[in-house]
Amino acid sequence: MPPTDVIVIGAGAAGLAATEALVSLGKTVTCIEAGPRIGGRAFTDTETFGIPFDRGAHWLHNGAINAFIDKGKALGLDVYPA
């Protein structure tokens, strides 16, 4: 492997954004993802229905202070502690 200036752990939204920003600054970057795909908690499912289906984010964290928790409950979404 060639020398790397920065190693980014995780290819979710933040990891991909950090990788892009670092590359734009001329850095040599290696982005490492433990899972079988990039995208983190949000992704598009292309297998279940045979067509692309945006599954969105799988979970929200910081429930005590995350404003989206109350919005989800108001919309009748299932919101439960992990």
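Predicted model: local features only at pLDDT ≥ 70, side-chain atom pairs only at ≥ 80, totals over all residues.
1. Secondary structure. The protein chain contains 2 helices and 4 strands. Their order along the sequence is β-α-β-β-β-α.

2. Overall dimensions. The radius of gyration of the protein chain is 17 Å, whereas a compact globule of 82 residues would have a value near 12 Å. The C-alpha trace spans about 50 × 35 × 20 Å along its principal axes.

3. Of the 82 residues, 18% count as buried. Among contacts with a separation of 6 or more, 19% are made by residues 24 or more positions apart.

4. Thr 30. This residue belongs to strand E2, which covers residues 29–32. Thr 30 counts as buried because its relative accessibility is 18%, and the cut-off for that class is under 20%. The side chain of Thr 30 is joined to that of Thr 4 by a polar contact of 3.0 Å.

5. Arg 37. The loop between E2 and strand E3 (42–45) holds Arg 37. With a relative accessibility of 33%, Arg 37 counts as partly exposed. A polar atom of the Arg 37 side chain lies 3.1 Å from the backbone oxygen of Gly 40. Arg 37 is also 8.2 Å from Ala 11, C-alpha to C-alpha, although the two residues are 26 residues apart in sequence.

6. Asp 45, position and burial. Asp 45 is found in strand E3. Its relative accessibility is 8%, so Asp 45 counts as buried.

7. Asp 45, polar partners. The side chain of Asp 45 makes a polar contact of 2.4 Å with the side chain of Thr 48. A polar atom of the Asp 45 side chain also lies 2.8 Å from the backbone nitrogen of Glu 47.

8. When neighbours within four places in sequence are left aside, Asp 45 is in contact with Ile 51, Pro 52, Phe 53 and Arg 55.

9. Residues side by side. Thr 30 counts as buried at 18% relative accessibility, and Asp 45 counts as buried at 8%, whereas Arg 37 counts as partly exposed at 33%. For the polar partners, Thr 30 pairs with the side chain of Thr 4, Arg 37 with the backbone oxygen of Gly 40, and Asp 45 with the side chain of Thr 48 and the backbone nitrogen of Glu 47.

Terms used
Residues numbered from 1 in each chain as written. Heavy atoms only, no water. Rg over C-alpha atoms; globule rule 2.2 N^0.38 Å. Buried < 20%, exposed > 50% of the residue type's maximum accessible area, 1.4 Å probe, protein only. Contact = heavy atoms within 4.5 Å. Polar contact = N/O pair within 3.5 Å; in protein donor to acceptor, adjacent residues only side chain to side chain.
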